[in-house]
Amino acid sequence: MSVPLPAGRRPPRSLYLHIPFCHRRCFYCDFPVVPLGDQADGSRSQSIADYLHWLLRDLAAAPAGPPLSTVYIGGGTPSMLSPDQLAQLLAAVRSHWGLAPGAELTLEMDPASFDRQRLEAVLALGINRVSLGGQSFDNGVLEQLGRRHRANQLREACSWLRQAQQQALLQSWSLDLIVNLPQQSFEAWDWELSQALAQAPPHLSIYDLIVEPGTVFAWRQGRGELPLPDDDQAADRLQHTHQRLQAAGYGHYEVSSWALPGQASRHNRVYWSGASWWALGLGATSGVGTERLARPRTRDAYSEWVQAHAGRQGDGPAAGWPPVEDLLLVGLRRREGVDLAWLQQTGLWGLERAWLERVLAGWIERGVVELSAQRLRLVAPEGFSLSNAVLSDLLAALERTEPLAPTGARLG
Ligand SMILES: C[S@@+](CC[C@H](N)C(=O)[O-])C[C@H]1O[C@@H](n2cnc3c(N)ncnc32)[C@H](O)[C@@H]1O
Ligand code: SF4
C-alpha cells in the first residue's frame, strides 16, 4: 500500500550509492560486498565495470527531484574505483538531480586502497568529506579482524586527510573504529582511543562489535573461540569512550558518532531524522516518504531487478522494520531523540505517551531514558551504551501492541 508523504515532508535531497566491492571480506562484516582480491583496482576490473553499467542504468531511471544536499558513496570499498569511474558517477548525479550549493559529498575509503595522489584526484572531483575505515591501530588486531591494511598505512592515510583539510581541499573526515573486540582489554581500548585522538580526526564513528551470522567471527564464536568482553565490561568501555572524547571536545551526537563542533555528518542525520533519501545499487535501501525499498543483494539479482524495476524508489514492498519502528529506532540513536508530536503527524503512531511511560518505566527510573511532554530520548552516556537493551524492550512491547496506527496505515 502506498502512503502519501505527510504534510510538510519534502522529496529526497540525499542520495546513497552502494559500491559493493572489497579486496577481502573482513571477518566481522556481513555487508553486501563482493571480495575481488588484494590486487584488484577499479580501472582493471571487469566486475567493477559491469556493475557500474547497472548502477548508472539504475540512476538514469530514478525519479527526478530537487538538487541534492548530501551524497554518500559507501560500500564496500568505493575507494577501489578509479578517479575516472568516480567522475562518471558524479557527472551522472549532477546531470540527473544536480547538487545544491555547499552539498556534502562523502566517500568511504579504506586505508590500503589509496595514496596521496589518488586522494588529491578524488578531492578534485568535488568529494569534500572522507570516511576512513581504520578499525584499529594495532597490527595484531587488524590481522585478527581480517583487514588488509596495517597500522602504518592507517596513520599515513590520517596524515594525508589532515593535511588536505588544513589546505582546505577537504571539509571534513571521519575515522571508524570498532570497540569490544575479542580479547580486547580496557587498557588496549584506551590505547586505541589515544592513537585515534593523536590523529585529530574531526569526526569519529565508534562501532560496538556485532557478531553477525554467517561471518568468520560467528563461526569462531560457535566453536567457543571468540572471547568477547562481557556486557558490563562492554558498557564500561562505551562510557569511558564517551568521557574521554567529550573531554577532548567531541560531541556525542548519535549512539556511534562523535564530532568536533560543526563536523557532524549531514548525510547520516538524514537517516536519523526520518527525512527521505534515494538509494541506488546492490543491497541499497531507499527511504522515500514512509516507505523502505531494498534492492537485491547479489549482482545477478540486482541486474535483473534494474531491468525489471528501474525507476522504483518507494511504493515497493516494505523492507526490514515497518516505518514506525524504524522511525523510533533511528530517531533514538540521536542525542535529541524522537519528537513525539512529529511522530503523531506521520499518521503511523496511534499510541499514547502514557504507553511509553509504562513500557519504559524501569529505564526512566534509572535515568537511562528521558520522556518529556515533547520528546523521548536516551540519556548519554548510559542511555547510548544500553541503547540495544532499551530498543529491544521497546520493540518487544510494540510487537505485542496492535494496531499501531489509528488510521490502519501500518505497513508490513
Ligand atoms: C560499510 S563499512 C565501510 C568502510 C570500509 N569498507 C572499510 O571497512 O574500510 C562501515 C563501517 O562499519 C563498521 N562495521 C562493519 N561491520 C561491523 C560489525 N559487524 N560490527 C561493528 N562494526 C562494523 C566498520 O567500522 C566499518 O568501517
Ligand atoms: S568492513 Fe569494509 S572493507 Fe571490510 S568487508 Fe566490510 S565493507 Fe569491506
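How many helices and strands are there in the protein chain? The protein chain holds 16 helices and 16 strands, where helices (H or I, at least four residues) and strands (E, at least two) are DSSP runs numbered from the N terminus. The model is a predicted one, in which local features need pLDDT of at least 70 and side-chain atom pairs count only at pLDDT 80 or more, while totals for chains, interfaces and linings use all residues. Residues are numbered from 1 along each chain as its sequence is written, and chains are lettered from A and ligands numbered from 1 in the order in which they are written.

Confidence comes first. The pLDDT, the predictor's confidence in each residue from 0 to 100, averages 88 over the protein chain, and 90% of the residues score at least 70. Over residues 1-8 the pLDDT is below 50, and this stretch has 12 contacts in the model beyond near neighbours in sequence. Residues 405-412 also have a pLDDT below 50, with 24 such contacts. Where pLDDT is low, the predicted coordinates should not be read in detail. A contact here means that the C-beta atoms of two residues, placed from the backbone, lie within 7 Å.

Turning to overall shape, the C-alpha trace spans about 60 × 50 × 45 Å along its principal axes. Of contacts between residues at least 6 apart in sequence, 72% join residues at least 24 apart.

An open sheet of 9 strands runs in the order E9-E10-E8-E7-E6-E5-E4-E1-E11, with mixed pairing. Strand E9 (251-254) and strand E11 (278-280) stand at the edges with a single partner strand each, so one side of each is left without a neighbour in the sheet. Within the sheet, strand E1 (residues 14-19) pairs with strand E4 (residues 68-75) in the parallel sense over 6 bridges, pairing being counted if DSSP finds at least two bridges between two strands. Leu 17 has Ile 73 in E4 as its bridge partner.

The domain assignment, whose bounds come from an automatic or database source, gives domain 1 (14-272) and domain 2 (322-412). Their C-alpha centres lie 29 Å apart, and 10 residues of domain 1 are in contact with 12 residues of domain 2. On the side of domain 1 that touches domain 2, helix H8 (231-247), E9 and helix H9 (266-273) give two or more residues; H8 gives the most, with 4 residues.
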